[in-house]
Amino acid sequence: MKKKIIVYSMMIILLFTMQFQVYGETNSQIDLEERKIDPNKPMVALTFDDGPSEKYTPEILDVLKDNYSLGTFFVLGTEVEKNKELLNRMIKEGNQIGNHTYNHKNLTILSDEELSNELDSTQNIIIESGDYTPTIMRPPYGYVNDGLRKKLYMSVVLWTLDARDWENRNTEIICNNILENVKDGDIILMHDIYESTAEAVKIIVPELKSRGYQLVTIDELNSIKKK
Ligand code: ZN
């Protein structure tokens with residue numbers, strides 16, 4: 001009997017130690033248990049285009065992480081070239097990465113060869129730098145037509161709410177554009193290359209959370225809303 005108790009105690013200690021080690025290894029990432037998604041509660045997907053930006057993307061990543069939230073980043077090949085470590089951080093912390101092409105051209109007027117260069121070179125640099133293969137893309141300026149859709153090998157993700165941060169560059173207006181119009185299931189367009197956007201994210205993320213919104217990736221949003 002005594003032997004049994006000793007064996008059980010050892011097992012419990014072992015399990016406890018193992019769990020502690022697992023936690024220790026992942027504590028730089030988001031504790032996914034903390035942000036279990038409730039399909040019955042409202043959710044939105046924050047999306048950030050045109051980065052990564054050495055200056056502002058880390059600030060946005062900090063806010064997301066501190067709020068147990070994730071975002072989706074539609075990155076440019078030219079910017080990934082300069083910020084490979086940052087791309088790795090985005091991925092490691094659980095955010096989704098989408099292809100936003102290499103040079104941010106209007107894809108609807110490109111030749112087939114130019115189009116595949118724009119897409120493939122970006123796809124390749126993300127795979128090489130981050131060991132991650134994007135499955136979604138956002139065409140620059142949202143310019144897309146049926147002909148182009150047929151040539152793309154990834155699903156196209158546009159948006160339902162534009163913060164117009166690229167136009168106004170004003171934190172207060174960005175916050176108002178989002179907080180006055182947001183609804184369940186929205187895909188919100190922002191750019192992680194402006195100081196005003198990074199500042200707005202510091203206000204928007206906690207505010208949306210206090211209103212009961214869950215901040216999810218495009219994959220998470222699709223998997224729940226399609227059910
Ligand atoms: Zn863009």
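User: What does "buried" mean, and is Met 190 buried or exposed in this predicted model?

Analyst: A residue is called buried when its relative accessible area is under 20%, and exposed when that area is over 50%. The structure discussed here is a predicted model. Met 190 has a relative accessibility of 0%, so Met 190 counts as buried.

User: Which residues does Met 190 touch, and in which strand is its place?

Analyst: Residues up to four places away in sequence are not counted here. The contacts of Met 190 then include Leu 46, Phe 48, Ala 163, Ile 178 and Val 201. The place of Met 190 is in strand S7.

User: What distance separates the C-alpha atoms of Met 190 and Arg 164?

Analyst: Along the chain, Met 190 and Arg 164 are 26 residues apart. In the model, the separation of their C-alpha atoms is 7.2 Å.

User: Why do the buried residues of helix H10 line one face of the helix?

Analyst: Helix H10 spans residues 218-225, and its buried residues are Ile 218, Glu 220, Leu 221 and Ile 224. In an α-helix there are 3.6 residues a turn, so residues three or four places apart point the same way. Seen down the axis of H10, the buried residues line one face because they fall within an arc of 165 degrees.

User: Which residues are closest to the centre of the second largest pocket?

Analyst: The second largest pocket holds about 210 Å³ of space. Its lining consists of 15 residues, with seven nonpolar, four polar and four charged. Closest to the centre are Tyr 141, Trp 159, Trp 166, Leu 189 and His 191.

Key:
Residues numbered from 1 in each chain as written. Predicted model: local features only at pLDDT ≥ 70, side-chain atom pairs only at ≥ 80, totals over all residues. Heavy atoms only, no water. Buried < 20%, exposed > 50% of the residue type's maximum accessible area, 1.4 Å probe, protein only. Helix = DSSP H or I, 4+ residues; strand = E, 2+ residues; numbered from the N terminus. Arc of directions from axis to C-beta. Contact = heavy atoms within 4.5 Å. 1 Å grid on protein atoms, 1.4 Å probe; cavity = no way out; pocket = protein on both sides within 12 Å on 5 of 7 lines; lining within 4 Å. Points joined across faces, edges and corners; volume = space filled by probe spheres on them. Nonpolar A, V, L, I, M, F, W, Y, C, P; charged D, E, K, R; others polar.
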